[in-house]
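Colleague: Hi! I'm new to this one, could you walk me through it?
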Amino acid sequence: MEFNLKKLSTNDGQEIYAMLQEIPYNENGFLNDMNGATLEEFQAWLIKRDNESKGIGIGEGRVPQDIYWLFANGFPVGYGKIRHRLTKKLLDDGGHIGYSILPSERGKDYGKLQLKLLLERAKEMGIDKVLLTIHINNINSLKAAMKNGGVIEKQDENKCWVWIEC
Ligand SMILES: CC(C)(COP(=O)(O)OP(=O)(O)OC[C@H]1O[C@@H](n2cnc3c(N)ncnc32)[C@H](O)[C@@H]1OP(=O)(O)O)[C@@H](O)C(=O)NCCC(=O)NCCS
């Protein structure tokens, strides 16, 4: 199996669009706002996200964020987001990295691998320590974070704050 991350591009097309239709809109706090969107809306979204990654036209209270698609043997099987820095809100909820795997491709170690590759990108971006906020009942994500060196800093009745040295 060959795995690689590919950064979102305004040229992304049908295969990415199709994947985004299979990933739920909001799952454990991971927001996939392209679920249910039209192809035209997707194309406008790509431009917006590409600009956001470059720090252009950032919405109120947001920070630049990069989106990466995970490809397994040339097929997209998931995606992740890396925020360039934390805000007070992200420190409380959201963290640096969010990630998801296509429901039909789960349980194959792709989640762990995607997180590992995203951590490598974060390091290249100069982030030394990454925060993930993980719902307390999201056992698979907690396991993926622990396998990647995660340390639970604290938890409340809803979520855990997990830090990973890049
Ligand atoms: C969290 C998520 C990315 C994990 O992806 P995945 O590819 O299924 O995970 P992996 O195959 O890498 O497995 C991670 C751990 O979960 C376990 N796991 C995965 N699927 C499982 C299943 N169906 N039953 C039992 N355990 C399972 C694995 O065994 C592994 O634990 P281990 O290292 O102890 O073996 C995926 O479930 C997902 O996209 N969830 C929705 C979005 C989300 O919650 N994102 C995280 C936000 S913090």
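Colleague: Which element gives the largest share of the shell around the ligand?
Modeller: That is α5, which contributes four residues to the shell. Keep in mind that this is a predicted model.
Colleague: And which elements each supply at least two residues of that shell?
Modeller: They are β6 (97–101), α4 (110–124), β7 (129–135) and α5 (139–147).
Colleague: How many residues surround the ligand, and which are the closest?
Modeller: There are 19 residues around the ligand, and the closest are Y99, I101, D109, N138 and K147.
Colleague: How do the residues of the shell divide into nonpolar, polar and charged?
Modeller: Eight residues of the shell are polar, seven are charged and four are nonpolar.
Colleague: Back to K147, how far is its polar side-chain atom from an oxygen atom of the ligand?
Modeller: The distance there is 2.7 Å. N28 also has a polar side-chain atom by a ligand oxygen, at 2.9 Å. With K108, a backbone N or O atom lies 3.2 Å from an oxygen atom of the ligand.
Colleague: So how much of the ligand does the protein bury?
Modeller: The protein buries 76% of the 920 Å² that the ligand exposes when taken alone.
Colleague: Which pocket is the space taken by the ligand?
Modeller: The ligand takes up the space of the largest pocket.
Colleague: Okay, new topic: how many helices and strands does the protein have?
Modeller: The protein has nine strands and five helices. Starting at the N terminus, the order is β-α-β-β-α-β-β-α-β-α-β-α-β-β.
Colleague: What about overall dimensions, what does the C-alpha trace span?
Modeller: Along its principal axes, the C-alpha trace spans about 40 × 40 × 30 Å.

Key
Residues numbered from 1 in each chain as written. Predicted model: local features only at pLDDT ≥ 70, side-chain atom pairs only at ≥ 80, totals over all residues. Heavy atoms only, no water. Near = heavy atom within 4 Å. Polar contact = N/O pair within 3.5 Å; in protein donor to acceptor, adjacent residues only side chain to side chain. Areas by Shrake-Rupley, 256 points an atom, 1.4 Å probe, with all protein chains shown as cover. 1 Å grid on protein atoms, 1.4 Å probe; cavity = no way out; pocket = protein on both sides within 12 Å on 5 of 7 lines; lining within 4 Å. Sits in = over half its atoms within 2 Å of the grid points. Nonpolar A, V, L, I, M, F, W, Y, C, P; charged D, E, K, R; others polar.
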